[in-house]
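This briefing is written to be read beside the sequence and the coordinates.

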Protein chains: 2
Amino acid sequence: MAVRLPRLTQAQASLTSEVLALNEHGQQVPTAMPAERALTVYVDKRELVTLMTLGPHPEWLVLGFLRNQRIVPSAQALDSVTVDWSLGEGLVGEPGVAAVKTWAEAGVQPPPRAERVVTTGCGQGSVFGQLMDDIAGMALPAQQRMSQAQLYSLVGTIRLKETTYKSAGSVHACALFSLEGDEPRLLFFVEDVGRHNALDTVAGWAWMHPQQAHGPLAIYTTGRLTSEMVIKTAQMGIPLAISRSGITQMGYQVAQQVGLCAIGRATNRRFLCYTHPERLILQPELASPPP
Amino acid sequence: MAVRLPRLTQAQASLTSEVLALNEHGQQVPTAMPAERALTVYVDKRELVTLMTLGPHPEWLVLGFLRNQRIVPSAQALDSVTVDWSLGEGLVGEPGVAAVKTWAEAGVQPPPRAERVVTTGCGQGSVFGQLMDDIAGMALPAQQRMSQAQLYSLVGTIRLKETTYKSAGSVHACALFSLEGDEPRLLFFVEDVGRHNALDTVAGWAWMHPQQAHGPLAIYTTGRLTSEMVIKTAQMGIPLAISRSGITQMGYQVAQQVGLCAIGRATNRRFLCYTHPERLILQPELASPPP
């Protein structure tokens with residue numbers, strides 16, 4: 001049965017801009033900066049929230065935000081997401097606008113501005129209130145595992161990406177991999193000014209590509225595995241989270257409880273598996289010799 | 001005239017914990033993780049927001065949060081900030097509690113839960129709505145400058161700090177320096193799970209130490225200079241922001257507009273001055289020779 005997916009615009013905006021900065025020798029050097037754009041989200045004409053984004057895929061960001069905040073139960077509840085940067089491109093001046101239209105029969109009740117708060121990350125205005133309920137209800141695929149060879153391949157794929165980070169720095173990346181078959185397959189890669197937005201964009205992409213975002217999956221992020229990153233990954237039903245960075249104590253505890261295998265410090269052939277090592281098929285013969 | 005400052009508790013909590021992680025050789029290695037604690041803030045018994053924090057100085061974090069969100073006009077409006085971690089230490093289970101008591105005559109009107117949203121950072125639920133108004137009203141000390149020698153000294157001071165970051169990673173640091181005299185003086189240093197919380201804690205410390213947080217000041221942060229970091233620095237009346245990381249386009253634009261000198265990529269003897277170089281006294285003879 002064909003699934004009815006919402007119609008999305010494909011709003012474009014430049015991701016970097018260049019200025020002349022002054023270096024320590026007093027020389028003017030061309031320096032790239034990532035964009036940071038304000039995008040105000042309206043659901044059925046009611047203002048919901050303003051997100052700050054690099055702007056690569058604003059429609060998927062909005063979708064994933066609505067998904068991860070559980071404001072919308074499925075992509076099928078939406079008629080369309082229309083993004084327009086034209087008023088000032090979301091830079092200082094006027095925010096861009098994302099207009100979300102729901103199907104009346106889906107009965108979506110966007111929270112009043114009142115509740116916008118529940119939305120945030122990065123240590124302020126967090127989702128803590130519902131944390132325990134969330135954890136209790138999560139079920140991750142019990143059998144899913146990943147081999148050390150797959151982990152190395154996945155990290156190697158990320159390393160080869162041409163990225164905004166490489167050209168301008170100051171952004172976080174997030175990627176979705178399929179672990180079907182021997183070689184992990186990169187399904188989707190995105191960068192944004194914040195790691196939460198990057199992960200939300202992955203969630204939005206996955207809703208729009210149900211055939212591809214299927215089977216055994218893993219999330220890669222350059223950001224730290226805080227409680228919220230772990231919860232969002234688990235909410236997507238994905239039991240493997242790999243980070244170039246580390247983990248917080250609450251991220252660890254949540255991963256332990258929900259059965260998610262959290263792997264950090266993943267660079268080159270090194271890594272640390274913090275939780276649920278039974279999901280990782282160790283192949284120490286692939287690692288460099290111990291120091 | 002003596003200034004009446006609020007009474008604060010000094011709630012203590014451990015900042016790191018250790019677990020055994022599995023490395024690429026299949027070896028179990030003791031690994032430190034930073035704490036990540038939930039702290040629910042009540043103003044005059046009304047719930048305001050839940051912050052996620054490492055927990056080094058929860059009282060100053062709460063103060064600085066109330067300051068930077070402009071919920072409270074001055075420290076003198078508050079009778080006390082009482083933090084209690086005892087119910088579960090703010091880890092998974094029960095959040096810690098911060099009870100803020102205002103003086104009735106100060107007429108503080110904490111926003112309803114409704115407005116909690118305005119509080120956040122990291123790209124979601126941002127302060128954008130008031131951005132333009134904020135910028136228009138800001139006045140930074142016109143004459144304040146910093147020499148390249150002072151910048152190097154400041155970065156060197158940070159490098160020598162014993163930090164949670166060095167032991168456990170995954171946190172951001174923020175520091176307040178006095179630029180009175182030749183050698184910058186480190187007034188306050190703090191780390192937290194998010195760069196916004198670290199900067200808010202600096203703002204709270206500064207409110208409690210008006211004699212010290214006085215004269216020419218500079219902010220150092222390990223985090224990126226996004227619009228919100230720049231706005232918060234400028235709101236504190238500080239015209240110099242130095243980052244180990246880079247800047248976003250909106251951070252750049254805001255810094256330009258408010259007259260703030262934003263310096264990024266500051267490590268060892270290197271840096272990039274993005275905006276208002278007239279505040280930086282260049283001494284290229286102190287830099288390593290150009291490549």
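In this predicted model, helix 1 of chain B and helix 5 of chain B lie roughly perpendicular to each other, since they pack at an angle of about 95°, and angles of 65 to 115 degrees count as roughly perpendicular.

**The helix pair in chain B**

- Helix 1 covers residues 58–68 and helix 5 covers residues 195–208, and their axes are 6 Å apart.
- On the helix 1 side the contact includes Trp60(B), Leu61(B) and Phe65(B), which belong to a set that meets residues of helix 5, among them Trp205(B), Trp207(B) and Met208(B).
- The residues of this contact between helix 1 of chain B and helix 5 of chain B divide into 10 nonpolar, five polar and two charged.

**Gln148(A)**

- Gln148(A) is found in helix 3 of chain A, which spans residues 148–159, and counts as buried because its relative accessibility is 0%, where the cut-off for buried is under 20%.
- The side chain of Gln148(A) reaches the backbone nitrogen of Gln283(A) at 2.7 Å, and it also reaches across to chain B, where the backbone oxygen of Glu24(B) is at 2.9 Å.
- Beyond its neighbours within four places in sequence, Gln148(A) is in contact with residues including Phe271(A), Leu280(A), Pro284(A) and Glu24(B).

**Val41(A)**

- Val41(A) is part of strand 4 of chain A, residues 37–43, and with 1% relative accessibility Val41(A) counts as buried.
- Setting aside residues up to four places away in sequence, Val41(A) touches several others, among them Arg46(A), Leu51(A), Val62(A) and Val100(A).
- The C-alpha atoms of Val41(A) and Ala75(A), which are 34 residues apart along the chain, are separated by 16 Å.

Key
Residues numbered from 1 in each chain as written. Chains lettered and ligands numbered in written order. Predicted model: local features only at pLDDT ≥ 70, side-chain atom pairs only at ≥ 80, totals over all residues. Heavy atoms only, no water. Helix = DSSP H or I, 4+ residues; strand = E, 2+ residues; numbered from the N terminus. Buried < 20%, exposed > 50% of the residue type's maximum accessible area, 1.4 Å probe, protein only. Contact = heavy atoms within 4.5 Å. Polar contact = N/O pair within 3.5 Å; in protein donor to acceptor, adjacent residues only side chain to side chain. Axes fitted to C-alpha atoms, helices over the stretch in contact; angles between N-to-C directions. Parallel < 35°, antiparallel > 145°, perpendicular 65-115°, else oblique. Nonpolar A, V, L, I, M, F, W, Y, C, P; charged D, E, K, R; others polar.
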